[in-house]
Amino acid sequence: MAGRFDDWEKDDKGHLKVWPMLAFTTALFGTEKVGLRIEIGTEQPKPGEPVPALQLVLDPAQVRQLAEALAEAEARLADARFTTHATPGRG
């Protein structure tokens with residue numbers, strides 16, 4: 001896994017800079033593209049304030065890749081939670 005996060009932005013301590021996701025929306029652009037807007041921040045903005053967001057356009061292959069990657073990450077989290085919270089059986 002060395003090098004996997006080399007291109008990621010880091011803080012002065014070398015920790016990855018990441019932001020909580022506030023919301024996301026999707027849109028279809030015709031029959032060939034999907035729009036994805038990911039709103040980020042540490043707290044909900046006040047009414048009328050701009051919301052920091054990343055807006056992407058994806059083709060069907062990218063949508064599948066992203067969906068598969070997110071499903072794999074969710075499964076790994078579920079497995080980690082199960083392993084962490086599992087109690088040994090009585091034998």
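Visitor: Over how many bridges do β2 and β3 pair, and in which sense?
Guide: In this predicted model, one of the residue pairs that can be followed across these two strands is arginine 37, which stands opposite glutamine 55 in β3. The two strands, β2 and β3, run in the antiparallel sense, and the number of bridges over which they pair is 6.

Visitor: How many bridges join β1 to β2, and which residue is the bridge partner of alanine 23?
Guide: Strand β2, which covers residues 33–40, runs antiparallel to β1, and 8 bridges join the two.

Visitor: What lies between β1 and β2, and which residue in the turn has a positive phi?
Guide: The two strands form a hairpin, and 3 residues lie between them. In that turn, the residue with a positive phi, of about 70°, is glycine 30.

Visitor: What is the strand order of the sheet, and why is one side of β1 and of β3 left without a neighbour?
Guide: The sheet is open and consists of 3 strands with antiparallel pairing, in the order β1-β2-β3. Strands β1 (21–29) and β3 (53–58) each have a single partner strand, so one side of each is left without a neighbour in the sheet, and both stand at the edges. From one strand to the next, the twist averages 15°.

Visitor: How many salt bridges does a search of the whole structure find, and which residue pairs with lysine 17?
Guide: The search finds 2 salt bridges, and in the one formed by lysine 17 the closest N and O atoms are 3.2 Å apart.

Visitor: Which two residues form the aromatic pair, and why is the pair edge-to-face?
Guide: A search of the whole structure finds 1 aromatic pair, and its rings belong to phenylalanine 5 and tryptophan 8, whose centres are 4.9 Å apart. Phenylalanine 5, at 31% relative accessibility, counts as partly exposed, and tryptophan 8, with a relative accessible area of 41%, is partly exposed as well. Planes over 60 degrees apart count as edge-to-face, so the pair is edge-to-face with its planes at 85°.

Visitor: In what order do the elements of the chain run, and what share of its residues is buried?
Guide: The secondary structure comes to 1 helix and 3 strands, and from the N terminus on the elements run β-β-β-α. The accessible surface of the chain comes to about 8200 Å², of which 58% belongs to carbon and sulfur atoms. Of the 91 residues in the chain, the share that is buried comes to 4%.

Definitions and conventions:
Residues are numbered from 1 along each chain as its sequence is written. This is a predicted model: local features need pLDDT of at least 70, side-chain atom pairs count only at pLDDT 80 or more; totals for chains, interfaces and linings use all residues. Side-chain values use heavy atoms; hydrogens and water are left out. Helices (H or I, at least four residues) and strands (E, at least two) are DSSP runs, numbered from the N terminus. Buried means under 20% relative accessible area, exposed over 50%, partly exposed in between (1.4 Å probe, protein chains only). Accessible areas come from the Shrake-Rupley method with a 1.4 Å probe; for residues, only the protein chains shown count as cover. Two strands pair if DSSP finds at least two bridges between them. Axes are lines fitted to C-alpha atoms, for helices over the stretch in contact, and angles run from 0 to 180 degrees between N-to-C directions. Rings of Phe, Tyr and Trp (its six-membered ring) pair if their centres lie within 6.5 Å; planes under 30 degrees apart count as stacked, over 60 as edge-to-face and the rest as tilted. A salt bridge is a side-chain nitrogen of Lys or Arg within 4 Å of a carboxyl oxygen of Asp or Glu.
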